[in-house]
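Work through the exercises below with the sequence and the structure in view, and try each task before you read its solution.

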Amino acid sequence: MSGKRWSLERPVNGGENFLQGVKDCLPTVLGYLSIGFAAGVVEKTAGMSIAEIILMSAVLYAGSAQFIFAAMLAAGNPAISIIFTIFFVNLRHLLMSAAIAPYFRHLPVWKNVLLGSQLTDETFGVAIAQLSEKVKGSGKWMFGLNLTAYLNWVLANVAGAVFGQWITSPEKLGLDFALSAMFIGLFTMQWLARSKVGADLIVAASAVAASVIGAVFVSESVGVFIAIIIAASIGVWVEKWK
Amino acid sequence: MEVRWQFLWVLIGASIVTLIPRVLPFIVLSRIRLPDWGLRWLNHVPIAVMSALIAQELLVTDGSFSPSPEGMIAALPAFAVAYKTRSLLATVVTGVVAMMLARYALAVLP
């Protein structure tokens, strides 16, 4: 079944190199291009200079955190509350990182640090779909994936800051749905690649419920974090009783 | 093209607290091996992450439960194409086009 995993062609043998990582990232480019563009527009509107926008997208490199940073900075919030909020927004990476890390134990620590530092929702989604059938991941492949996503993100932010004023309503073209559609694609491929249809559906349903409840009563980012913990625990429990 | 000092300090702080959760598991788990139950737990994380993110995209707006009708409509063909083709690119393109059509239809219909 591996032949049809992705729309892009994969070499029959040893296709786990840097270039394959770059290619495997391409389907996610559109989704993050549109969200990065939007981030650039918001950052510019919040009074940030192009230099600041480049610096922010290259160093912070986190979608939702950049939106929050721009909004809170413009509203004159104190530094400590901006940093605290962003910590919670990005805490979900801890769980994704923990899920990916065991596949790269064979690499030296500095390479692990490099791979971890570029982890995002999308590279996680692509990587875990690829890794779940393996014991060891290829560091070069992961770096190709990460670097493509990274450059795309920085360029998208700059493009949003520079050209944002010319594009008045990207919603009319449905571009704001690119990110949702990408998550839908990543979910479905994950789900089909595993042989746990029933348990996965229970996990998915619990995650949906918990993330919505968390978002309504606490905040959206805390909602995602709580949802992952609850849903994964339910998954372990369900498998035990099967 | 200037960078303000105040901005720079906040950015450094925000980047450090973002980097730690991303990198820490990579450092720790490259040295110690997780127990079996830990690995089984982490095995459910991908499905949980993607479901939680999709739910918030489609069902939550500004911290309140408000499913977007056009989002729900556009999600259906996106799921169908993802299931049928297993292609991320085809799914994204389908979703975007479906969203465009759904918005147009909901705006034109009475």
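## Exercises on helix packing and burial

**Exercise 1. State which residues of helix 1 of chain A meet which residues of helix 7 of chain A, and describe how the two helices are arranged.**

Solution. Step one is to list the partners: A:Asp24, A:Cys25, A:Thr28, A:Gly31 and A:Tyr32 in helix 1 of chain A meet A:Glu122, A:Val126 and A:Gln130 in helix 7 of chain A. Step two sorts these residues by class, and the contact of helix 1 of chain A with helix 7 of chain A then has 3 nonpolar, 3 polar and 2 charged residues. Step three turns to geometry, where two packed helices are described by the angle between their axes and the distance between the axes. The axes of helix 1 (residues 18–45) of chain A and helix 7 of chain A come within 10 Å and cross at roughly 155°. Angles over 145 degrees count as roughly antiparallel, and helix 1 of chain A and helix 7 of chain A are therefore roughly antiparallel to each other. Their crossing is right-handed.

**Exercise 2. Decide how helix 7 of chain A and helix 9 of chain A lie, parallel or antiparallel.**

Solution. Begin with the numbers: helix 7 (residues 121–131) of chain A and helix 9 (residues 178–193) of chain A pack at an angle of about 20°, and their axes are 9 Å apart. The cut-off for roughly parallel is an angle under 35 degrees, and the two helices are therefore roughly parallel to each other. Helix 7 of chain A passes helix 9 of chain A in a left-handed crossing. Next, name the residues: on helix 7 of chain A they are A:Glu122, A:Gly125, A:Val126, A:Ile128 and A:Ala129, which meet A:Met182, A:Leu186, A:Met189, A:Gln190 and A:Ala193 in helix 9 of chain A. Sorted by class, the residues of this contact divide into 7 nonpolar, 2 polar and 1 charged.

**Exercise 3. Find out how many residues of helix 7 of chain A are buried, and what covers them.**

Solution. A residue counts as buried if 20 or more other C-beta atoms lie within 10 Å of its own. By this test 11 of the 11 residues of helix 7 of chain A are buried, so this helix is largely enclosed by the rest of the structure. The buried residues include A:Asp121, A:Phe124 and A:Leu131. The cover over them includes helix 1, helix 5 (92–100), helix 8 (139–163) and helix 9 of chain A, together with helix 3 of chain B.

**Exercise 4. Describe the packing of helix 2 of chain A against helix 8 of chain A.**

Solution. The axes of helix 2 of chain A and helix 8 of chain A come within 9 Å and cross at roughly 155°, and these helices are therefore roughly antiparallel to each other. Helix 2 of chain A passes helix 8 of chain A in a right-handed crossing. A:Ile50, A:Ile53, A:Ile54, A:Ser57 and A:Ala58 in helix 2 of chain A meet A:Trp153, A:Val154, A:Asn157, A:Val158 and A:Ala161 in helix 8 of chain A. The residues of this contact divide into 8 nonpolar, 2 polar and no charged.

**Exercise 5. Say where A:Tyr61 and B:Arg86 are found, and whether each is buried or exposed.**

Solution. A:Tyr61 is in the loop between helix 2 (50–59) and helix 3 (63–74) of chain A, and its phi is near 50°, a positive value in a residue other than glycine. With 22 other C-beta atoms within 10 Å, A:Tyr61 is buried. B:Arg86 is found in the loop between helix 4 and helix 5 of chain B, with a phi near 55° that is likewise positive in a residue other than glycine. B:Arg86 has 20 other C-beta atoms within 10 Å and is buried.

**Exercise 6. State what confidence the predictor gives to the model.**

Solution. The model is predicted, and the predictor gives the complex an ipTM of 0.88 and a pTM of 0.80. Chain A averages a pLDDT of 87, and 93% of its residues score at least 70. Over residues 1–14 of chain A the pLDDT is below 50. For chain B the mean pLDDT is 91, and 99% of its residues reach 70 or more.

Methods:
Residues numbered from 1 in each chain as written. Chains lettered and ligands numbered in written order. Predicted model: local features only at pLDDT ≥ 70, side-chain atom pairs only at ≥ 80, totals over all residues. Axes fitted to C-alpha atoms, helices over the stretch in contact; angles between N-to-C directions. Helix = DSSP H or I, 4+ residues; strand = E, 2+ residues; numbered from the N terminus. Parallel < 35°, antiparallel > 145°, perpendicular 65-115°, else oblique. Left-handed = near helix turned anticlockwise from the far one by under 90°. Contact = placed C-beta atoms within 7 Å. Nonpolar A, V, L, I, M, F, W, Y, C, P; charged D, E, K, R; others polar. pLDDT = per-residue confidence, 0-100. Buried ≥ 20, exposed ≤ 12 C-beta atoms within 10 Å, placed from the backbone.
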